[in-house]
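Subject: Structure handover

Hello,

Here is the structure for your records. My notes on the pocket and on one helix follow below.

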Amino acid sequence: TAQSPEIARSIRTGSFNTNCHDLGSGKPVVLIHGSGPGVTGWANWRLVMPELAKRVRVLAPDMVGFGYTDRPQGFAYSRQAWITQLIDLMDELALPQVDIVGNSFGGAIALALAIQHPERVGRMVLMGSAGLTFPVTEGLAAVWGYEPSFEAMKGLLDIFAYDRSLVTDELAELRYQASIRP
């Protein structure tokens, strides 16, 4: 059977392996996904990675606890753990500094990384970044209240997408299947 396009290069980061897409060459740009149901680096960035890879080296890891990165037994998930994962990834790939694009949860991790290790971060682009207190919107309530089903996932994707033509059954199925994995 063909391997899932979500599964990429396995890179040792501390005590576990990180699933990380690594495309292109040149200045490294790390894409940090959000935290919605069924999210992976691939699901979040699959359409933009090939375009960016024409100009830069694109790295899109699955953050620990998401996607196809290892889930170590007894692991303490925290902002600090995700920052350490990124630093370990950069060190393993011999990258002294990267630019970062962070989506939602990924934006919060990007900000925290830049605060703790400013010398490791060049430029940042943040999209819907978490990091401050904010009111719970109707869309956020829908994400947090997600009950796994194909229909519910398609409804969430319709909320997420500005361009509704990007909300395909294929994407909904991909995200739904990811959302029901342990």
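This is a predicted model: local features need pLDDT of at least 70, side-chain atom pairs count only at pLDDT 80 or more; totals for chains, interfaces and linings use all residues.

The pocket. By those classes, the lining of the largest pocket has 20 nonpolar, 10 polar and three charged residues. The lining comes to 33 residues, and N44, N103, S104, M127 and F160 are the ones that lie nearest the centre of the pocket. Its volume is about 1,100 Å³. Four helices each supply at least two lining residues: α1 (41–45), α5 (138–144), α6 (150–160) and α7 (169–179). The largest share, four residues, comes from α5.

Helix α7. The buried residues here are L171, A172, R175, Y176, A178 and S179. They are on the same side of α7 because they cover an arc of only 165° around the axis. What they pack against is α1 and α6.

Residue S179. This residue belongs to helix α7. Is S179 buried or exposed? With a relative accessible area of 18%, S179 is buried, because the cut-off for buried is under 20%. Its side chain makes a polar contact with the side chain of Y146, at 2.8 Å. Neighbours within four places in sequence aside, S179 is in contact with P37, G38, Y146, P148 and M153.

Regards

Conventions. Residues are numbered from 1 along each chain as its sequence is written. Side-chain values use heavy atoms; hydrogens and water are left out. On a 1 Å grid over the protein atoms alone, a cavity is a set of points where a 1.4 Å probe fits but cannot get out, and a pocket is an open set with protein on both sides within 12 Å along at least five of seven lines; lining residues have an atom within 4 Å of a point. Grid points are joined across faces, edges and corners, and a volume is the space filled by probe spheres set on the points. Ala, Val, Leu, Ile, Met, Phe, Trp, Tyr, Cys and Pro count as nonpolar, Asp, Glu, Lys and Arg as charged, and the others, Gly among them, as polar. Buried means under 20% relative accessible area, exposed over 50%, partly exposed in between (1.4 Å probe, protein chains only). The arc is that of the directions from the helix axis to the C-beta atoms. Contact means heavy atoms within 4.5 Å. A polar contact is a pair of N or O atoms within 3.5 Å; within protein, one must be able to donate a hydrogen and the other to accept it, and residues adjacent in sequence count only if both atoms are side-chain atoms.
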